[in-house]
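This report concerns the packing of helices in a single model. The sequence and structure are shown first, and the description follows.

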Amino acid sequence: MAKLIATVETLDETTVHQTPGEGEWSAIETLAHVAESVPFWAQRARQIANGTLGDQPFERTPEESAQRTAAIVEHGRDSLAAMVRRLQSSATDAAAILREIPDQSWGKTAHYEPGSTNQTVSEIVTQRIVRHVQAHTRQAAQAARGDQSV
């Protein structure tokens with residue numbers, strides 16, 4: 001998350017609020033999505049690790065998907081400075097949640113949707129948090145270079 005924050009701090013307000021195309025998110029909307037998703041997936045990993053999710057798939061419920069959309073609507077017009085603070089808080093919250101997972105629980109597994117292959121808590125965190133933030137960091141870097149084809 002630190003690399004994403006460092007990258008977006010090089011952008012200006014106009015750039016982060018510019019919509020690249022019809023039906024696409026602006027950079028600030030994407031950042032609102034990241035700020036919501038990182039602690040969400042950390043909490044989901046903790047639920048799998050401590051068994052509170054049970055045998056349910058770990059995909060978002062319709063209510064959780066609505067919360068994701070609401071976060072983008074609510075914060076998709078924030079200033080860049082406010083969004084940077086939000087991302088920092090998101091990273092801090094997620095790290096605290098993940099630190100609560102005991103070492104022996106990182107190997108527990110769950111499936112994303114019925115019929116899908118089980119993934120370990122470690123794999124879920126890598127896929128849903130680490131790689132996801134890395135992908136959005138690459139998008140932010142492209143925006144910083146003026147490449148609107150992201």
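In helix α5, the residues L80, M83, V84, L87, S90, A94, I97 and L98 are buried, where buried means under 20% relative accessible area, exposed over 50% and partly exposed in between, with a 1.4 Å probe and protein chains only. These buried residues line one face of the helix, because they fall within an arc of 155° when α5 is viewed down its axis; the arc is that of the directions from the helix axis to the C-beta atoms. R85, T92 and R99 are exposed on the face turned away from the buried side of α5. An α-helix has 3.6 residues a turn, so residues three or four places apart point the same way.

The model is predicted: local features need pLDDT of at least 70, side-chain atom pairs count only at pLDDT 80 or more, and totals for chains, interfaces and linings use all residues. Residues are numbered from 1 along each chain as its sequence is written, and side-chain values use heavy atoms, with hydrogens and water left out.

Helices (H or I, at least four residues) are DSSP runs numbered from the N terminus. The expected span of a helix is 1.5 Å times one less than its number of residues.

| Helix | Length | First to last C-alpha | Expected span |
|---|---|---|---|
| α4 | 14 residues | 20 Å | 20 Å |
| α5 | 20 residues | 28 Å | 28 Å |

The cover over the buried residues of α5 includes α1 (2–8), α2 (13–17), α3, α4 and α6 (121–144), contact meaning heavy atoms within 4.5 Å.

The axes of α3 and α5 come within 9 Å and cross at roughly 10°. This makes α3 roughly parallel to α5, a term for angles under 35 degrees. Axes are lines fitted to C-alpha atoms, for helices over the stretch in contact, with angles from 0 to 180 degrees between N-to-C directions. By class, this contact of α3 with α5 has 15 nonpolar, two polar and two charged residues. Among the residues of α3 that meet α5 are I28, L31, V38 and R46.

Helix α4 buries E64, A71, I72 and H75. They lie on the same side of α4, because they cover an arc of only 100° around the axis. P62, E63, V73 and E74 are exposed on the other side of α4. Cover for the buried residues of α4 includes α3 (27–50) and α5 (80–99).

H75 has a relative accessible area of 14%. Leaving aside residues up to four places away in sequence, H75 touches I28, A32, M83 and R86. H75 and E64 are 11 residues apart in sequence and 17 Å apart in space, C-alpha to C-alpha.

Definitions and conventions
Helix = DSSP H or I, 4+ residues; strand = E, 2+ residues; numbered from the N terminus. Parallel < 35°, antiparallel > 145°, perpendicular 65-115°, else oblique. Nonpolar A, V, L, I, M, F, W, Y, C, P; charged D, E, K, R; others polar.
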